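Thanks for coming. I will walk through one model this morning and keep to what can be computed from its atoms.

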Amino acid sequence: MLIRPYQTEDCAAMARLFYDTVHTVNARDYTPEQLAVWAAGQVDLAAWNQSFLAHTTLVAEENGQIVGFGDMDGSGYLDRLYVHRDWQGRGVASALCQALEAAVPAKAYTTQASITAKPFFLRRGWQVLREQQVERGGVLLTNYVMEKPLPGSPGEPADERVLFFFSPHPHALPLYERLEKQLLARLGDFERRVQKTQISFYQGRLFGCASFNRVRKGLRGDFLTVTFGLGRQVQSPRLTVVEPYPGRWTHHAVVTDPKEIDQELLDWLAEAAAFSAAKGR
């Protein structure tokens with residue numbers, strides 16, 4: 001699958017994809033009356049083309065066929081995201097979102113998600129700000145204002161969940177902030193879930209986490225335990241504990257200095273993300 005920039009000659013095919021997707025994929029969550037005002041089949045191609053050119057617009061293409069598209073304005077607002085009905089659940093929307101977020105620097109990304117699209121965005125770490133009713137042609141449609149804040153970076157405040165997690169160990173927060181920033185730069189996009197005993201990292205599937213797990217005796221001071229799973233055992237003095245499981249080796253690395261969040265550690269985490277994704281296929 002190729003992700004490429006939008007071209008004016010794509011507009012008509014994208015309008016057809018939009019109409020077909022709404023009237024098939026979204027039909028499970030909206031009435032025929034709602035679908036008719038949402039996608040009436042009479043798109044103003046000139047206006048669409050103008051907005052696509054004004055935004056960062058990307059097209060997903062397979063064997064010369066457009067199978068999805070998305071566009072985002074300069075503030076990080078995701079205006080449209082549609083995937084061909086035959087390509088649902090095959091990573092097209094995720095690839096488009098990842099590429100758009102990489103192309104548009106913003107403090108947070110926002111969108112208005114349909115009932116159908118809401119679970120997709122939740123899986124990618126977006127949050128519902130509010131449910132709303134949008135009027136089109138005298139008909140009300142339900143959608144959700146959603147936001148995806150970017151992970152905090154040094155010099156920027158972390159969100160409240162992260163701050164609460166680190167409240168017993170506040171001096172370890174800079175270690176985590178550096179890890180998160182470097183992971184974002186390396187992987188392009190990942191979901192962070194703040195849980196009771198760890199902060200878990202997902203790219204569709206869990207591939208690693210950060211915690212205060214004392215995997216080594218005598219640990220003192222500020223530290224962070226970075227855990228990840230691989231399909232092989234890595235022999236390294238940096239890895240305190242390696243636990244074998246069927247088809248997987250779980251590795252634990254204790255980080256006590258920001259300099260230890262280096263290329264080698266990021267390589268292991270990137271390998272873990274790829275390994276986890278492959279197991280889910």
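First, the ground rules. This is a predicted model, in which local features need pLDDT of at least 70 and side-chain atom pairs count only at pLDDT 80 or more, while totals for chains, interfaces and linings use all residues. Residues are numbered from 1 along each chain as its sequence is written, and side-chain values use heavy atoms, with hydrogens and water left out.

The protein chain has 8 helices and 13 strands. Along the principal axes, the C-alpha atoms fill a box of roughly 70 × 40 × 30 Å. The chain has 281 residues, and 45% of them count as buried. Buried means under 20% relative accessible area, exposed means over 50%, and partly exposed is in between, with a 1.4 Å probe and protein chains only. Of the contacts between residues at least 6 apart in sequence, 59% join residues at least 24 apart.

Now the aromatic rings. A pair of rings is described by the distance of the centres and the angle of the planes. Rings of Phe, Tyr and Trp (for Trp, the six-membered ring) pair if their centres lie within 6.5 Å; planes under 30 degrees apart are stacked, over 60 edge-to-face, and the rest tilted. How many such pairs does a search of the whole structure find? The search gives 18 aromatic pairs. One of them is Phe 121 with Trp 126, edge-to-face, at 4.9 Å centre to centre and 65° between the planes. Phe 121 and Trp 126 are both buried. Another pair is Phe 190 with Phe 201: the ring centres are 5.5 Å apart and the planes are at 85°, so this is edge-to-face. Phe 190 is in the loop between α7 (173-187) and β8 (191-194), and Phe 201 is in strand β9 (residues 198-203), so the pair ties together parts 11 residues apart in sequence. Phe 190 and Phe 201 are buried too.

Lys 118 lies over the face of Tyr 144, 4.4 Å from the ring centre. Arg 248 lies over the face of Tyr 245, at 4.6 Å.

Next, helix α4. Its buried residues are Val 92, Ala 93, Leu 96, Cys 97, Leu 100 and Glu 101. They cover an arc of only 155° around the axis, which puts them on the same side of α4; the arc is that of the directions from the helix axis to the C-beta atoms. An α-helix has 3.6 residues a turn, so residues three or four places apart point the same way.

Is Arg 80 buried or exposed? Arg 80 is buried, with a relative accessible area of 11%. A polar contact is a pair of N or O atoms within 3.5 Å; within protein, one must be able to donate a hydrogen and the other to accept it, and residues adjacent in sequence count only if both atoms are side-chain atoms. The side chain of Arg 80 makes one with the side chain of Ser 51, at 2.8 Å, and one with the side chain of Asp 71, at 2.9 Å. Leaving aside neighbours within four places in sequence, Arg 80 is in contact with residues including Trp 48, Phe 52, His 55 and Phe 69.

Thr 227 is in strand β11 and is buried, at 11% relative accessibility. Its side chain makes a polar contact of 2.8 Å with the side chain of His 252.

Last, two loop residues. Asn 63 is in the loop between β2 (56-62) and β3 (65-72) and is exposed, at 77% relative accessibility. Its phi is near 50°, a positive value in a residue other than glycine. Most residues other than glycine have a negative phi. Gly 221 is in the loop between β10 (205-211) and β11 (224-230) and is exposed, at 59%.

Key:
Helices (H or I, at least four residues) and strands (E, at least two) are DSSP runs, numbered from the N terminus. A charge sits over a ring if NZ of Lys or CZ of Arg is within 6 Å of the ring centre and within 35 degrees of the ring normal. Contact means heavy atoms within 4.5 Å.
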